[in-house]
Amino acid sequence: MLLLALALLQDVPDLRTRKTGVDWPNFLGPTQDSVSPETGLLRTWPEGGPRVVWQRAIGEGYAPPAVSKGRLFHVERVGPKIVTTAAKSETGEPLWRFAYDTDYADMYGYDGGPRCAPVVDDDRVYVYGPEGRLHCLKAVDGAVVWTKDLSADYKVVQNFFGVGSAPLVEGDLLLVQVGGSPAGSPGIQSGEVRGLDSGLVAFDKRTGAEKYRMSAELASYSSPRTATIDGRRWGFLFARGGLLGFDPATGKVDFHYPWRARILESVNSSQPVVVDDLVLISECYGVGGSLLKIRPGAADVVWSDGRKRDRALMTHWMTPIHVDGHVYASSGRHKENAELRCLELKTGAVKWSVPELTRASLLRADGRLVCLGEDGTLRLLAPNPEKFEEISKAVLRSADGAPLLRYPAWAAPIVSHGYLYVRGRDRLVCLDVLAK
């Protein structure tokens, strides 16, 4: 099986012409925190926003793209199919298309598209669909290397909004949040669903063979996260019921920190933020945020919103951005009450809060914050703990004046090699943000 898989794979030529910058191969980028090391980007934007390089109509879904070796990988739903495409990242020129049938239907009436970003690892692309199908594809042409139906294999009860946790490559492993249950379990809305032993499953990234499974947690919409703390490699999973700290090589669990709102329809979606030996988690359905100090075998609470009347941080799907001891994040469950906030990391003290920007996603690059509101408004901000500082603001428009990014613009923005990629309800747009 391994020899067959290796034989199917091949070198991936680099299609880039722009050699500065870095690839963005997985959800929230190369450092898993929506922070880019790129420099030389525009300090301000022209009126109307950065130059549109290319754009295209897209199907249903909320997944951001991934970029590797001059290829942009994107996943969407078109009719009854989940479609993965590869295009030249600099021009949008199509390269290949892979599609499979899906019967996923959202029980709350949201769209039926994929929620998980594609994950690129050298010559492979991993795609995790809303119904629980996991595919490993060849990056050069989209041919299938291996595939698994995780919902069937692990008896997953359909979650409120389908599958929404992107996989993560760690060494030779592919870490996937699965959250299976005993056979014959009732529906999620019964409130009686229990996990079994597959909260997270690690697969051999080349063959798809299971290497270990861990935890009876049910799945959330936060993705696995890894980090090195005091010389030790850690894995973190903000699952449905709380945060798990574990050894990503073996699956051995160090601690479980319960963190979930009481209401049945609550979900944990925001990614853990790791700063030195501190891990920040947050949700928007009730309990808010909490900061933990990590050590082998335990997590000590530094501060917690749990018993506060006024919650400091209630992130929905976006991941807070850390800058010099402060975090910047959109706090609030609904667009009507969402506020962009700055908090002091170690105390949870709110430094400032700005309403009426709708729920937003943030990206940090070259000393600036790119803020994409769910209404499609783009902002360029200076990370200033003393005040909200807007540098530029833009609503991208087509030649006839119609907005290019329509609500809901829920996919996180990404930047790679001086190009900013953003998506709204039905359009993917590439902008040039490299200073000339």
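Modeller: A residue is called buried under 20% relative accessible area, exposed over 50% and partly exposed in between, with a 1.4 Å probe and protein chains only. The model is predicted: local features need pLDDT of at least 70, side-chain atom pairs count only at pLDDT 80 or more, and totals for chains, interfaces and linings use all residues. Residues are numbered from 1 along each chain as its sequence is written, and side-chain values use heavy atoms, without hydrogens and water.

Biologist: Why is Cys 342 called buried?

Modeller: Its relative accessible area is 0%, and buried means under 20%, so Cys 342 is buried.

Biologist: What keeps Cys 342 from a bond with Cys 371?

Modeller: A disulfide is a pair of cysteine sulfur atoms within 2.5 Å. The closest cysteine sulfur to that of Cys 342 belongs to Cys 371 and is 13 Å away, therefore too far for a bond. For Cys 430, also in no disulfide, the nearest cysteine sulfur is that of Cys 371, at 20 Å. The count by this rule is zero disulfides.

Biologist: Why is Cys 430 called buried?

Modeller: Cys 430 has a relative accessible area of 0%, so it falls in the buried class, under 20%.

Biologist: What makes the lining of the second largest cavity five nonpolar and four polar residues?

Modeller: Among its lining residues are Phe 27, Ala 166, Pro 167, Asn 26 and Gln 32. Ala, Val, Leu, Ile, Met, Phe, Trp, Tyr, Cys and Pro count as nonpolar, Asp, Glu, Lys and Arg as charged, and the others, Gly among them, as polar. The lining has no charged residues.

Note on methods: On a 1 Å grid over the protein atoms alone, a cavity is a set of points where a 1.4 Å probe fits but cannot get out, and a pocket is an open set with protein on both sides within 12 Å along at least five of seven lines; lining residues have an atom within 4 Å of a point.
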